[in-house]
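Here are my notes on the model, as numbered points. Please read them with the coordinates open.

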Amino acid sequence: MQVMKWSVIALAVAAGTSQMAVASSQSESNGFIEDSSFNIFTRALYFNRDYRNGGGNIEDPSKSSGYKSGYREESGLGLRLLYESGFTQGTVGVGFDAHSLSSVKLDSGKGRTGTDQFATDSDGTPEDTQSEVGGAIKFRISDTVLKYGNQFVASPVFSTDDSRILPEVATGTYLVSNEIKGLELSAGRFTGLSSQVQTARDSVELTSTNLVGANYQFTENFSAGYHFADTEDYWKKHYINANYTIPFSDDQSLNFDLNAYRTKSQEKELGDKVDNKLWSLAGAYSFGAHTVTLAYQQSSGETPYAYGVDGAGTVWVANAVTNEFWSEDEKSAQVRYDIDMSSYGVPGLSFMARYVKGWNVTSDAGTDGKEHELGFSAKYVIQDGAAKDLSLRLALNRARADQVAANGAANFGGASGDFNEVRFFIDYPLSVL
């Protein structure tokens, strides 16, 4: 994961409760066509990751890493057409959502692929193009929406990822209810998950995931939530969140965000054994254009944290950056600084810098593995004109790990733990209807 997701639950609850005043959403429906929208989203991504100790695609026994090169470099273009209808009028509203996802390879190669942007053919060559279409039917009663079909999901226990040129797409049923002011309830069952590089309905090979969740806005400044998912043949996952903001003035506040997972595999798992507790606590002090964040994260249990078959975005903790810092027994701390240049006469421009240090990792050599990551990003969003809302974001990351983690923990030590990385995004959202 590239985007830290803490505070998402609090924001989602706030957004949901703002429309729950007197009339329900369904009673205010203007109709299937009248409330419909059509958006085009274009993303170009250049991705360069240089594994300093190898980790490449072409084997070479003469190299210490076993590979010819650890250099991966690809760029691509993704196009998304997103249609969302309104709901028909009446007690039960009916609607339909549809999407088309297409990608084009701009630059890659058999020896440089591996940035998770493109599917590959039988000999490892990246495919030039790929596309998929999907849709979902939806029903609404009052402030409760039931959707069945292909959809994008943002639940802390089942979350589709959108960190490449195309997003993951889940297939199933999802119910979200906002009938009680301040309370959002959710439940779902998903039986398919398409990865960001495959167009099949269930390229991830998800058997099924059943999930439930509840978020509650206790006060204007405090919210909490609990979510649970049972991913068949893999694991059961519990998640809790608490978010509290102390406002000091109009432009000064202190926010605390707690996230915790408990993941344990079942008797009949398709994956490896999982027995993990993962939690993080972040404190963010905002003053004017500046935000300073300190975060602590800890993983414990017999294995690292596990996710992926339940969505590549299902890791809502503070230190889920590039390396994610959830190896077995790992403890990590982060310091981060953000600045919004709008206050200095440059609206749309922002910068971020962070450093994360991980230690106490159970590795092949014992429990003293260490890793660290340094990251910078700059983003600019065009404010007006024909290209309004077009954004450019440059992200630089440098990660190092000193040993190989036990139990198959990804991105730690050896040929895959040391890397330098460059990502450059160009995003252009266009509202047509």
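1. Which backbone nitrogen does the side chain of Gln196 reach at 3.2 Å? That of Arg164. A polar atom of the Gln196 side chain also lies 3.3 Å from the backbone nitrogen of Ser163. Polar contacts here are pairs of N or O atoms within 3.5 Å; within protein, one must be able to donate a hydrogen and the other to accept it, and residues adjacent in sequence count only if both atoms are side-chain atoms.

2. A word on provenance. This is a predicted model, in which local features need pLDDT of at least 70 and side-chain atom pairs count only at pLDDT 80 or more, while totals for chains, interfaces and linings use all residues. Residues are numbered from 1 along each chain as its sequence is written, and side-chain values use heavy atoms, with hydrogens and water left out.

3. Back to Gln196. The residue sits in the loop between strand E9 (183–194) and strand E10 (209–217). Helices (H or I, at least four residues) and strands (E, at least two) are DSSP runs, numbered from the N terminus. Gln196 is buried, at 11% relative accessible area. The classes are buried (under 20%), exposed (over 50%) and partly exposed (in between), with a 1.4 Å probe and protein chains only. Setting aside neighbours within four places in sequence, Gln196 is in contact (heavy atoms within 4.5 Å) with residues including Asp161, Asp162, Ser163 and Arg164. Gln117 and Gln130 are also among its contacts.

4. The chain overall. One helix and 20 strands are assigned. Of the 433 residues, 48% are buried. Among contacts with a separation of 6 or more, 62% join residues 24 or more positions apart. The chain exposes about 19200 Å², and carbon and sulfur atoms supply 57% of that area. Accessible areas come from the Shrake-Rupley method with a 1.4 Å probe; for residues, only the protein chains shown count as cover.

5. The cores. A nonpolar core is a set of buried Ala, Val, Leu, Ile, Met, Phe, Trp, Tyr and Cys residues joined through side-chain atoms within 4.5 Å. The largest has 24 residues; Phe158, Phe190, Leu211 and Tyr261 touch the most other members. Strand E8 (169–177), E9 and strand E12 (235–249) each give two or more residues to this core. A second, separate core of eight residues includes Leu45, Ile165, Val169 and Phe425.

6. The surface patch. Val92, Phe96, Ile137, Phe139, Ile141, Leu146, Tyr148 and Leu175 form a nonpolar patch with about 660 Å² of accessible area together. Strand E3 (92–107), strand E4 (129–141) and strand E5 (144–151) each supply at least two of its residues. E4 gives the most, with three. Phe139 is in E4 and is partly exposed, at 32% relative accessible area. In nonpolar patches, side chains of Val, Leu, Ile, Met, Phe, Trp and Tyr are joined within 5 Å; members have over 30% relative accessible area and no salt bridge. A salt bridge is a side-chain nitrogen of Lys or Arg within 4 Å of a carboxyl oxygen of Asp or Glu.

7. Backbone to check. Most residues other than glycine have a negative phi. Glu324 has a positive phi of about 75°, and Phe325 has one of about 60°. Glu324 lies in the loop between strand E15 (290–301) and strand E16 (331–340). Phe325 is in the loop between E15 and E16. Glu324 is buried at 4%, and Phe325 is buried at 0%.

How values were computed. Patches are made of residues with over 30% relative accessible area and no salt bridge: like charges are joined within 9 Å, nonpolar side chains (Val, Leu, Ile, Met, Phe, Trp, Tyr) within 5 Å.
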